[in-house]
Amino acid sequence: GKPVIISKAPVSIVKVQPTVILQSATGVVVLPTPEWGDTDSAGNVVSVKRTMTGIFYTYVKTTQTRVLNYDFLLGTRKASELRRFVQANLATVVTLTNWKGETWIGQFLNNPTTFSTDARYYGGGERNKVTIQFEGVLT
């Protein structure tokens with residue numbers, strides 16, 4: 001019979017790494033994956049209006065922005081590196097690439113970012129808990 005020609009579909013391959021990368025014009029910080037319980041919430045707003053005749057109308061304002069909340073457990077050096085990066089880029093646009101291969105463009109929401117010492121190690125090291133809130137758009 002006749003040969004069958006199968007055309008190839010375009011395929012996008014994304015290398016997933018177990019890291020979170022924060023990039024700006026002033027620098028880059030590579031972090032480990034956050035603890036369990038990270039959240040991703042939409043910035044949608046629902047408002048309910050009632051007319052004079054008693055009829056209810058619901059309006060939904062949708063936005064493309066989302067708020068990401070990540071909790072990290074970091075050593076002393078990595079925590080101080082992240083602290084310097086956040087302080088230098090509070091009001092600038094930052095690119096966040098997460099462990100899922102998603103790239104987000106946005107800015108930090110929590111000011112100041114809280115760094116709390118969670119544990120101390122024999123030999124002088126500390127484990128710091130850091131929560132980052134990031135509002136951005138998925139690219």
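A salt bridge is a side-chain nitrogen of Lys or Arg within 4 Å of a carboxyl oxygen of Asp or Glu. Keep that in mind for this predicted model. A search of the whole structure finds one such bridge.

Which two residues meet in the salt bridge? They are Glu 81 and Lys 78, and their side chains come to 3.2 Å, N to O. That distance counts because the limit is 4 Å. Both residues sit in helix H1, which covers residues 76-88. They are three residues apart there, so about one helical turn separates them. Side chains of opposite charge can pair when their charged atoms come close.

Now step back to the whole chain. Its secondary structure comes to one helix and ten strands. Read from the N terminus, the order is β-β-β-β-β-β-α-β-β-β-β. The chain has 139 residues, and 26% of them count as buried. It exposes about 9900 Å². Carbon and sulfur atoms supply 56% of that area.

Next, go inside. In soluble globular proteins, nonpolar side chains tend to be buried together. Here the largest nonpolar core has 21 residues. Leu 22, Leu 31, Leu 82, Leu 96 and Phe 108 have the most contacts inside this core. Which elements supply at least two residues each? Helix H1 does. So do strands E1 (19-23), E2 (28-32), E6 (66-75), E7 (94-97), E8 (103-108) and E10 (126-138).

Leaving aside residues up to four places away in sequence, Leu 82 touches Leu 22, Val 29, Leu 31, Leu 74, Phe 115, Val 130 and Ile 132.

Some nonpolar side chains are on the outside. Val 46, Val 48, Phe 56 and Val 60 form a nonpolar patch on the surface. Together they have about 410 Å² of accessible area. Strands E4 (45-50) and E5 (56-61) each give two or more residues to the patch. Look at Val 60, which lies in strand E5. Its relative accessible area is 52%. Exposed means over 50%, so Val 60 counts as exposed.

Finish with two residues of strand E6. One is Asn 69. Its side chain makes a polar contact of 3.3 Å with the side chain of Gln 133. Beyond residues up to four places away in sequence, Asn 69 touches Asp 38, Thr 39, Ile 132 and Gln 133.

The other is Arg 66, also in strand E6. Arg 66 is partly exposed, at 29% relative accessibility. Where along the chain do its contacts lie? With residues up to four places away left out, they include Asp 40, Ser 41 and Ala 42. Trp 104 is another, and so are Phe 134, Glu 135 and Gly 136. Arg 66 and Ser 41 are 25 residues apart along the chain, but 5.6 Å separates their C-alpha atoms.

Terms used. Residues are numbered from 1 along each chain as its sequence is written. This is a predicted model: local features need pLDDT of at least 70, side-chain atom pairs count only at pLDDT 80 or more; totals for chains, interfaces and linings use all residues. Side-chain values use heavy atoms; hydrogens and water are left out. Helices (H or I, at least four residues) and strands (E, at least two) are DSSP runs, numbered from the N terminus. Buried means under 20% relative accessible area, exposed over 50%, partly exposed in between (1.4 Å probe, protein chains only). Accessible areas come from the Shrake-Rupley method with a 1.4 Å probe; for residues, only the protein chains shown count as cover. A nonpolar core is a set of buried Ala, Val, Leu, Ile, Met, Phe, Trp, Tyr and Cys residues joined through side-chain atoms within 4.5 Å. Contact means heavy atoms within 4.5 Å. Patches are made of residues with over 30% relative accessible area and no salt bridge: like charges are joined within 9 Å, nonpolar side chains (Val, Leu, Ile, Met, Phe, Trp, Tyr) within 5 Å. A polar contact is a pair of N or O atoms within 3.5 Å; within protein, one must be able to donate a hydrogen and the other to accept it, and residues adjacent in sequence count only if both atoms are side-chain atoms.
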